[in-house]
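Please examine the sequence and the structure shown here before reading the report.

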Amino acid sequence: MNQTKNKSQFTELTPIEFLDGMHDDKHIIMFDENPTYSKKIQFHFLNNGLEKGEHAIYAMPKDKDVIEKEMKGYGIDVEKYQKENLLDVYNTEKINQYLQGDSFDNLLRIIMPSDPAKICRIVGMLNFDMNTQEGMDVFLKSEKKSHSVFESFSGSWMCSYPTTNIEPENRLNWIRKLLKNHDSVIFTSSHNEGIAFDVLH
Amino acid sequence: MIKKEGYESCLNDASTIFAQSSDAVFLKFGDKIKSDIIAYLQSITKFPQSYNFLYYSITKNVFLDLFDEESGEIIMESIRKEMLRRIDSDIHGNIEEILDEIQRREIIKYLKTLSGHEHVLFLWSDKDLRNKIMEKFFIKLNVPQALISSERIKFPAVENVLYSDLLSNKATAIQKELQMITEIHQKNQTVLTTRVAGMDCTQWFKHGLSKEFLALERQIGSYFEKENISCICGYNINKIPDNKTLKTLLKCHDYVMLDTPHVLLMKQV
C-alpha cells in the first residue's frame, strides 16, 4: 500500500466512495458519530463483499433479529445469503460475559467460519467500556492483537465504534493509537457524509 | 520585530476564509472530534477560543501528527477546495498562494478606501508586486497624486518625480521633497485625499542622507495628521541598513505593509 502519490491523488473520499474503490484487503476502523449513516456504511461494506461471493459476518452488540430486519431494509437478501451460508449475524453483547479470557480471541472463536481459506468481510465491535483509561488500554491491546493477525486472514474487517464512547480526555490520542493498528479510517458525522482514507504506517 | 513593536494584522478575510473552510472540513470528522481538533490546535497555538487564524502550516502539522503525511495532504486538499468554493473567484494555487492572493486583494481594497492622514510604511522585496500595489493606490483620477521613483513610471493622473531630480543637490534635497508634497497638496481643491508615495526611500540612505531623511520621517507624521494626505513610504527591505533604522521607521508609521507575503499591520494603541 506504500505507493508514492502525486498531488492530484490526494482527494478526499466519502465512506461509500472509499468502500466502492476498495481493491485490497483492509483492516478498517470507523469512528461513528451518526449511527444511522454508519449502519448504512457497514451494510454497504458487507453487501459489496456478498455481491462478489464473499462471506459476510456482522458481529455487533445488537439484537440479531433487529439487525437482519435492518439489513433487509437496506436491500440485502438476508434469507438467500444465509441459505448459501454466506451471511452470519451475531449479537456480541454477551461474549465476554460468558467466556473467559481475551475478548478478541473469544470473538474470533465464535464468528470465524470453519474454512479459513474463505474470503470474509467482517463488521465487528469488541464490547469494552471505552469510557475509562483502563478500558481503553485493554481495548487498544485487543485491536493491536487483531491487527497483528490480520495478515493471516483473507478478507477485510471493519471495526466500528461510536466516537462518544471513547474516553474523552485523550480522545485524539486514542484515535492516533488506534490508527496505528488499522489500514484505513472512516469518520462519520451528523452534518455531512464524513470522510475516509488510508493510513500509512 | 514588527510584532514586537506593537503591530497587529488588520486583515481578516484570509483568516476568516481559512477558519471557515477548516471548520467545514473538521466537521466531516464529527462534532466531538472537531472539538478535539480545535482544542488541540488551541493548546499548541495558545490562540483564543474563537479559532480564527490562517496558520495553515500548523493545521497541516496537526494532521501529520495525528495521521500521516498522505492523510494530512488529503485533509489540506479538502480545506483548499472548500476555500475555493467560498471565495467564488478566479484564484488558483495552493493554500498559501490562495491566502496570499486574498490578502493582496484585501490590501488593495484598503488602499482604495484610504481617507487621509495615513502614513504607511511599505517594506517590499519584489519590484513587480510593489508596482502592482502602488498602481492600486493611485486610483483617484480627480485628485492630485504624486509618486517619487528611481525610474520613470507612468500611472494615470500621477505626477512622477525622480529621486535623481530631488537628489541633484544633496543640501536641499530633503527640503525639495517636502516642498513638492506641499505643492501637490495645495493643488487639491476637493474634499478627497491627496495621495503621495515614494517607491524606494532607501535611495536617501544610498546617497548619504539617512540621518536627514529619518528626521523628516519622524516629523512628517504630524503634518499628515493635520492635512488630508495619504502617504506610502516604500522601502526595499533588503536595503534597510540595520535593525536600528528599521525600528526608527516603525516608530514613524502607524501602518506597515509587506509584499511577500502580503500583510498589512496596524500599530496598536
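The model is predicted: local features need pLDDT of at least 70, side-chain atom pairs count only at pLDDT 80 or more, and totals for chains, interfaces and linings use all residues. Residues are numbered from 1 along each chain as its sequence is written, while chains are lettered from A and ligands numbered from 1 in the order in which they are written.

The contact between the chains takes 23 residues from chain A and 18 residues from chain B; two residues are in contact if their C-beta atoms, placed from the backbone, lie within 7 Å. On the chain B side, α2 (31-45) and α4 (69-87) are the elements that give two or more residues, and α4(B) gives the most, with six residues. Helices (H or I, at least four residues) and strands (E, at least two) are DSSP runs, numbered from the N terminus.

Chain B comprises domain 1 (7-104) and domain 2 (114-267), with bounds from an automatic or database domain assignment. Their centres, taken over C-alpha atoms, are separated by 35 Å. Eight residues of domain 1 of chain B contact eight residues of domain 2 of chain B.

In chain A, strand β2 (residues 55-60) has five of its six residues buried, that is, with 20 or more other C-beta atoms within 10 Å of their own, C-beta atoms being placed from the backbone.

Conventions. Buried ≥ 20, exposed ≤ 12 C-beta atoms within 10 Å, placed from the backbone.
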